[in-house]
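Subject: Structure handover

Hi,

Here is the structure for you to look through. Please open it alongside this note. What I found follows below.

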Amino acid sequence: MTDKSPIKQFYAGKNVFITGATGFVGVTIIEKFLRDIPEIGTLYILMRGKRGKSVEQRLEELKTNSVFNKFKELKLEDRFAKIRPVEGDVGQDNLGLSDADRQLLIDNVNVVIHSAATLDFFQGLRDTTCINLLGTRRVVELCSQIKNLNSLVHVSSAYVNSYITEVEEKLYPAPDDPERIIELVSKSTDKELKEMEPQILKDHPNTYTFTKHLAEHEVAKASTRFACGIVRPSMITAAWKEPIPGWTISKNGPQGFVMGAAKGVIRRLPLDSNIIMDYIPVDVVTNAIITTGYYVDALKQKNGNKPDQLQIFHMTSSTYKPFRFDGLVPQMNAAMHEFPLKSAVWYPNLKFVDNLTVFRIGAILFHFLPAIFLDLLTVVTGGRPILLKLHRNVWNSLNTLEKFIFTEWHYDNKLGIKLAKSLAPEDQKTFCIDIGTLSWEEYFKNMHLGVREYLNKESPKNLEAAKSKDNILLWLHCALQLAFYYGVFRLFICFGMTNAFAALFLPLVYMIMIRL
């Protein structure tokens with residue numbers, strides 16, 4: 001092979017086992033391997049049968065994912081043959097693998113990428129321990145049996161150390177004894193675990209960060225036996241460059257609120273626009289995972305075929321390319337009218353609120369009251385009401401999410417940048433993990449377009465019709481505001497105010513309303 005890319009040379013003919021393959025990161029990894037490393041061997045992907053569908057049927061569904069749109073434009077569909085689904089579940093003993101499938105992996109796999117996890121911040125300790133902690137242990141146990149393993153890449157999270165705000169690329173002490181936690185989970189009821197949770201978690205904000213932190217130590221214990229690397233991304237967001245700028249299927253983080261704001265149903269967001277928000281594009285994370293698999297094996301080769309120390313890389317932006325929403329909100333609101341939605345239910349206008357109490361008052365006025373009206377209208381027209389439930393879920397989650405909304409973390413990423421700069425020129429281009437040239441303004445514009453097309457499912461072809469509706473919604477929005485302030489004016493008069501005094505109080509009401 002004459003390719004100048006050491007990473008492509010490493011993966012040529014290698015078979016890769018991927019957990020979490022159907023998730024946001026997982027599908028991006030599959031697409032990247034197939035599109036940019038045509039000599040890759042077999043991609044074994046762990047999948048569960050779901051809703052009565054076999055893993056083979058789910059694989060056919062996976063091939064229709066929008067992540068493969070560019071892939072199909074390049075007419076690369078024949079490479080789908082490299083994917084082989086393996087039925088299993090990280091939440092089950094032995095990964096839920098049959099004896100035959102387990103032996104297949106033991107005999108053939110060269111690289112393992114473990115990206116499966118439960119990301120639910122509100123899930124109980126039982127489920128997060130089973131999937132995040134024990135799931136990682138089960139993957140490590142499989143790796144220890146694989147005959148020709150080159151490397152294991154564990155996808156963790158920058159937030160596993162969210163109990164501190166200045167975080168380095170190193171393994172921090174375990175928050176508890178994993179065996180004690182496993183025993184507690186096996187012997188306690190869900191009610192007992194819930195009652196013990198504050199004492200167990202200590203400074204960790206939720207069971208997700210706690211169990212993901214413990215999972216890192218499972219990998220660390222194995223790093224003396226085979227080459228291991230840990231990639232810690234922060235909040236993973238839409239694609240920067242590939243497969244398509246702005247592409248996303250994730251509703252987490254900014255993609256979710258852009259999706260709702262463009263519809264006109266999310267108008268207030270509890271967020272301090274002056275603090276640094278740590279976002280990292282999904283394609284950067286994918287490139288880092290693939291690069292880490294190559295890099296830890298290269299270190300092993302230099303070390304006389306003995307595993308080097310555990311490698312940990314932050315894929316983060318806070319200390320390298322910091323981002324704040326301050327100054328970007330007008331651009332975001334402008335984009336919602338430059339590229340509006342035909343399915344919008346009201347005129348979009350998003351505002352950030354840096355106080356939870358003020359947000360709650362604003363949510364009653366701008367979220368709950370319109371949601372009641374729109375849900376009633378939906379019921380009358382035969383639809384399924386969802387807005388009130390959506391806003392109620394946000395309301396109920398505020399106390400849990402407060403730490404993540406109003407805390408500024410600084411994640412040191414010197415090792416990640418050093419890794420990026422150590423790559424061959426061809427690999428720096430093909431497997432880009434250096435966000436130094438990223439423009440946040442351009443990135444968020446592309447994200448808006450990606451959310452419009454891939455989450456709100458609106459074609460670029462309906463843009464003119466959407467703009468016409470946006471103009472109509474603007475007139476309705478202005479009319480409603482006029483009606484509201486006229487109603488307040490009349491209310492003041494009903495309470496005995498003269499017309500002149502009532503008119504003087506209207507600017508005060510306006511100032512209060514724009515503060516909410």
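Two strands count as paired if DSSP finds at least two bridges between them. By that rule, strand β5 (residues 151–155) pairs with strand β7 (residues 228–233): four bridges join them, and the two run parallel. Within this pair, Leu152 stands opposite Cys228 in β7. Please keep in mind that this is a predicted model.

The sheet

β5 and β7 belong to an open sheet of seven strands. The order is β3-β2-β1-β4-β5-β7-β11, with parallel pairing. Which strands stand at the edges? They are β3 (83–87) and β11 (311–315). Each has a single partner strand, so one side of each lacks a neighbour in the sheet. On average, neighbouring strands are turned by 20 degrees against each other, direction ignored.

The annotated domain

UniProt, in an unreviewed entry, lists residues 18–289 as "domain: Thioester reductase (TE)". Over that stretch the chain is 42% helix and 14% strand. Its end C-alpha atoms are 11 Å apart.

The cores

The largest nonpolar core has 88 residues. Tyr11, Ile30, Phe33, Ile113 and Phe325 have the most contacts inside it. What does Phe325 touch, leaving out residues up to four places away in sequence? The list is Phe257, Leu271, Ser273, Met277, Tyr279, Met332, Phe352 and Phe444. Another core, of 28 residues, lies apart from the largest one. Among its members are Phe17, Val109, Leu310 and Ile312.

A helix pair

Two packed helices are described by the angle between their axes and the distance between the axes. For helix α12 (residues 329–338) and helix α17 (residues 440–455), the angle is about 35 degrees and the axes are 10 Å apart. The crossing of α12 past α17 is right-handed. On the α12 side, Gln331, Ala335, Met336 and Glu338 make the contact. On the α17 side, the residues are Glu441, Lys445 and His448.

The transmembrane annotations

The unreviewed UniProt entry also places the feature "transmembrane region" at residues 358–380 and 495–514. How much of each stretch is helix in the model? Residues 358–380 are 100% helix and 0% strand, with end C-alpha atoms 33 Å apart. Residues 495–514 are 80% helix and 0% strand, and there the end C-alpha atoms are 24 Å apart.

Best wishes

Notes. Residues numbered from 1 in each chain as written. Predicted model: local features only at pLDDT ≥ 70, side-chain atom pairs only at ≥ 80, totals over all residues. Heavy atoms only, no water. Axes fitted to C-alpha atoms, helices over the stretch in contact; angles between N-to-C directions. UniProt positions renumbered as here; feature names shortened; annotations may be inferred. Core = buried A, V, L, I, M, F, W, Y, C linked by side-chain atoms within 4.5 Å. Buried < 20%, exposed > 50% of the residue type's maximum accessible area, 1.4 Å probe, protein only. Contact = heavy atoms within 4.5 Å. Left-handed = near helix turned anticlockwise from the far one by under 90°.
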